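Have the model open while you read.

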Amino acid sequence: MSRIAFIGLGIMGSPMAVNLVRAGHDVVGFNRSPEKTRALVEAGGRAADSVAEAVRDAEVVCVMVPDTPDVEAVVGGEDGVFAHAPDGTLLIDFSTIRPDVSAELAREAREHGLRPLDAPVSGGEKGAQEGTLSVMVGGEEADVEAARPVLEAVGRTVVHVGPSGSGQTVKAANQLIVAAHLEALAEAVVFLEAYQVKMSAALEVLGGGLAGSAVLAQKGQAMLDRSFTPGFRVELHDKDLGILTAAAREAGVVLPLGGMTAGLMASANAVGEGRLDHAALLLGLERLSGRGGLDR
Ligand code: NAP
């Protein structure tokens, strides 16, 4: 069992840290707003007052913060992980960030004597609570194997997909697929409601055939209820589709659906729906058809 520092205890990080305690690890957490350490402490972990304090004696440092600049802030600088984690520490970044920056941070981490892995996850808040996330891991084979007990305490599908940055590239593809499914589901809902079919029945039968998906199972009823408490916020999915489209452009590949869903997600963010769950893509589609809205 390992001494683990966990930085970033939000919607995903908090239940992941709790699952690490339940797996028997000694977990000390740090979050920018200190009140979010409560669930970890109640589960038997400890709270630190700074990144430096959290990582000082760690064998493994986990990071789960929103965006690329947040990870850079946590690992770099005078108070950061690079400056304070002991030599040989495994540094597992679960956040979804730019693949190129992830690869560069891994290079810097190695210069500081650390063993970096990018390990973005999929499966949502539910997957984080249940410890059933899909974990896409980039880094050195030996470091992935060393980290496996930690990765398998938070995830059910843990796969090493290549060198540093590769996990983030796979995660960008994941976000394309999820956005496209959400968009198709939202379009189906607008279409079916226009014909006043029995909506729960329609989703039930669609879910049993080839149209069934994890997105339909987890977000279908929420769309019917217009229940958009996050979950996964529009602003974060907007960030991820920005990562996808920039990386695709860099590689010279054209993603028509990726570009379109990126535009629709950016629109949802621009009109003030950024803090809603990404199932709120439905609201933008309703606007396109002159229908609906939250108070319809
Ligand atoms: P979140 O609820 O906003 O949690 C992020 C946490 O990081 C917040 O508690 C925030 O503190 C903390 N934080 C930010 N900067 C920090 C810093 N410099 N030092 C310490 N703590 C810091 O976001 P989330 O939904 O958990 O998402 C986290 C990452 O997972 C993102 O990259 C996201 O794209 C990815 N992800 C999310 C989901 C999902 O369903 N939510 C699924 C898969 C992947 P404050 O409380 O002060 O803001």
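1. Ground rules. This is a predicted model, in which local features need pLDDT of at least 70 and side-chain atom pairs count only at pLDDT 80 or more, while totals for chains, interfaces and linings use all residues. Numbering starts from 1 along each chain as its sequence is written, and side-chain values use heavy atoms, with hydrogens and water left out.

2. α9 against α10. These helices are oblique to each other, therefore neither parallel nor perpendicular labels are used here (angles under 35 degrees count as roughly parallel, over 145 as roughly antiparallel, 65 to 115 as roughly perpendicular, and the rest as oblique). The angle between α9 (residues 166-194) and α10 (residues 199-207) is about 135°, and their axes are 11 Å apart. Axes here are lines fitted to C-alpha atoms, for helices over the stretch in contact, with angles running from 0 to 180 degrees between N-to-C directions. The helices themselves are DSSP runs (H or I, at least four residues; strands are E, at least two), numbered from the N terminus.

3. Who touches whom there. α9 passes α10 in a right-handed crossing, meaning that the near helix is turned clockwise from the far one by less than a right angle. On the α9 side the contact (heavy atoms within 4.5 Å) uses Leu185, Val189, Leu192 and Glu193, and these meet Met199, Ala202, Leu203 and Leu206 in α10. Sorted by class, that gives seven nonpolar, no polar and one charged residues. The classes are simple: Ala, Val, Leu, Ile, Met, Phe, Trp, Tyr, Cys and Pro are nonpolar, Asp, Glu, Lys and Arg are charged, and the others, Gly among them, are polar.

4. α10 against α11. Next along is α11 (residues 214-225), which packs on α10 at about 170° with the axes 10 Å apart. The pair is therefore roughly antiparallel. Met199, Ser200, Leu203, Leu206 and Gly207 of α10 make the contact with Leu216, Gly220, Gln221 and Leu224 of α11. This contact has five nonpolar, four polar and no charged residues.

5. α9 against α14. The axes of α9 and α14 (residues 281-288) come within 9 Å and cross at roughly 45°, which makes α9 oblique to α14. This crossing is right-handed. From α9 come Ala179, Leu182, Glu183, Ala186, Glu187, Val189, Val190 and Glu193, and from α14 Leu281, Leu282, Leu285 and Glu286. The tally is eight nonpolar, no polar and four charged residues.

6. The cavity. A cavity is a set of points on a 1 Å grid over the protein atoms alone where a 1.4 Å probe fits but cannot get out; a pocket is an open set with protein on both sides within 12 Å along at least five of seven lines, and lining residues have an atom within 4 Å of a point. Of the 14 lining residues, Asp93, Ser102, Leu105, Pro116 and Leu117 lie nearest the centre. At least two lining residues come from each of α4 (68-75), β5 (90-93), α6 (99-111) and β6 (115-118). The lining has 10 nonpolar, two polar and two charged residues.

7. The second largest pocket. What lines this space of about 190 Å³? The lining is Arg98, Pro99, Asp100, Thr169, Gly242, Ile243, Ala246, Ala247 and Glu250.
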